[in-house]
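Biologist: I have a model open and want to learn how to read it. Where do we start?

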Amino acid sequence: MKNISNVFWINVLLVAAAVIYGVLAPASFETVTANMQAFITSTFGWYYLILVTLILIFCVFLIFSPIGSIRLGKPNEKPEYSNGSWFAMLFSAGMGIGLVFWGAAEPLSHFMSPPLAEAGTNEAIKESMRYTFFHWGIHAWAIYAIVALALAYFKFRKGEPGLISATLKPIFGDKVKGSLGTVIDVLAVFATVVGVATTLGFGAAQINGGLSYLFGIPNNFTVQFFIIAVVTILFMISAWSGIGKGIKYLSNVNMVLAVVLLVLMFFIGPTLLILNMFTDTIGAYIQNIVAMSFRIAPLNEEHRSWINGWTIFYWAWWISWAPFVGIFIARVSRGRTIREFLIGVLLLPALVSFIWFATFGTSAIEIQQAGTDLTALKTEEVLFAVFNGFDWSTFLSIIAIVLIGTFFITSADSATFVLGMQTTYGSLTPPNYVKLTWGLAQSTIALILMYSGGLQALQNALIVAALPFSVIMALMMISLYKSLTQEKEELGLYIKPNKQKSS
């Protein structure tokens with residue numbers, strides 16, 4: 001018990017309070033979170049857009065700056081993993097329940113309710129894919145990258161503990177070891193719990209949707225409760241077995257299943273149209289990225305509501321996941337230069353996401369245009385209805401359900417390790433009972449959110465939890481720049497990097 005930090009106990013109390021409130025007054029819980037979400041998106045929407053864009057600009061600046069040659073480790077340290085293994089782990093981190101959940105549903109939703117174009121038109125198709133690429137592209141990965149970079153730099157280069165609070169030492173000094181550091185780490189852990197719980201809720205809903213569509217099983221909270229209960233037992237068994245066995249094995253299974261599902265859909269679906277849409281959308285995405293980054297529609301309430309429900313939601317989702325994914329990426333990136341780290345993290349997972357959405361999104365829109373009204377279905381059932389429009393539909397659906405389940409287990413398993421690490425002073429071997437506590441907390445929060453308001457409650461809670469951590473991210477960026485600038489001066493890194501000193 002002596003290795004357990006105050007961060008653990010404070011967050012346990014916060015989670016317990018949220019659970020009790022959700023159980024005793026679910027309607028009130030949903031109303032309160034909805035009101036907070038509405039206030040945050042209407043008042044701080046501009047802040048989210050500017051912050052995320054500044055994070056991306058900062059990442060690009062570091063790539064082209066002499067600072068980019070600084071290594072995430074000791075001066076002569078080599079990468080811990082080969083390029084192939086590292087890319088594979090980035091791919092695995094970039095794939096998740098969210099990608100499967102929204103792969104067909106988001107482009108279809110934008111096609112039928114586009115941000116600007118007339119619904120159901122050819123222009124709406126192009127716009128739907130462009131905004132989907134925008135939501136899952138380099139902005140999202142810049143959020144992950146900046147947290148991962150700060151953690152890796154201060155942990156492997158400066159020898160600091162693997163805690164979010166330790167990355168702010170250049171700003172606050174030794175105060176991060178006291179109550180200020182506790183507050184910072186509490187916010188990071190709570191954002192992670194809510195972010196992962198939201199994703200688990202999406203996963204349970206989609207597994208239920210698939211079973212309902214295929215076998216007529218009721219699509220309701222009772223079934224989702226049993227799904228979450230079963231998966232919780234499975235991922236807690238995996239967490240007990242340790243990171244070297246459970247997470248590693250399941251990550252490999254994830255990759256194989258995801259690639260199989262993607263390749264089959266690519267060839268079974270409208271292959272030529274998928275290739276053309278992918279190519280066209282990449283160009284449109286690059287051409288419009290600045291306008292999309294700052295678009296907030298201040299004079300059009302309908303357009304502003306769309307931005308709040310999609311773009312602001314996604315920026316909040318990525319921010320809430322940033323501590324979890326950031327720690328994972330940092331752990332596998334030791335020994336790489338800042339430049340190669342940022343190029344790999346920003347571009348590779350984003351490209352995989354683009355291919356995924358071009359394949360499943362184009363297929364969904366093709367089915368919709370052919371006369372099958374997918375919009376009449378629940379969001380979690382759309383993917384399975386898309387499969388039903390092509391050959392091998394049952395086989396594809398079964399693969400998808402298994403994939404969602406393994407993603408569910410892997411995400412929760414990895415999160416229990418990260419949360420355990422963050423609440424035991426950065427220990428790389430948190431006790432099993434700590435990991436199991438966080439496993440139960442994540443699943444319970446997911447159940448309460450599903451019980452009190454379904455998917456909308458999940459989105460509300462996520463946006464609320466992400467706001468305070470977004471401030472910490474802004475401070476992390478400032479702290480990182482301050483420390484990197486000081487090291488640049490010490491190493492003499494100006495226009496032409498001194499490779500001997502920095503590598």
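Modeller: Start with Trp 392. This is a predicted model. Trp 392 is exposed, at 53% relative accessible area, since the cut-off for exposed is over 50%. Trp 392 sits in the loop between helix 15 (382–387) and helix 16.

Biologist: What is the phi of Trp 392 near?

Modeller: First the general idea. Most residues other than glycine have a negative phi. Trp 392 has a positive phi, near 60°. Ala 297 also has a positive phi, about 50°, and is not a glycine.

Biologist: Is Ala 297 buried or exposed?

Modeller: Buried, at 15% relative accessibility. Buried means under 20%. Ala 297 belongs to the loop between helix 12 and helix 13 (301–331).

Biologist: How do I check helix 16?

Modeller: Helix 16 covers residues 393–422, and at 1.5 Å a residue its 30 residues should span 44 Å. The end C-alpha atoms are 43 Å apart, so the two values agree. Of those 30 residues, 26 are buried, so helix 16 is largely enclosed by the rest of the structure.

Biologist: Which residues does Met 292 touch?

Modeller: Leave out residues up to four places away in sequence, and Met 292 touches Arg 130, Tyr 131, Phe 134 and Tyr 285. Met 292 lies in helix 12 (residues 271–294) and is buried at 3%.

Biologist: And what does Thr 53 touch?

Modeller: With the same exclusion, His 139, Ser 293 and Phe 294. Thr 53 is in helix 2 (residues 26–64). Its relative accessible area is 6%, so Thr 53 is buried.

Note on methods: Residues numbered from 1 in each chain as written. Predicted model: local features only at pLDDT ≥ 70, side-chain atom pairs only at ≥ 80, totals over all residues. Heavy atoms only, no water. Helix = DSSP H or I, 4+ residues; strand = E, 2+ residues; numbered from the N terminus. Buried < 20%, exposed > 50% of the residue type's maximum accessible area, 1.4 Å probe, protein only. Contact = heavy atoms within 4.5 Å. Expected span 1.5 Å × (residues − 1).
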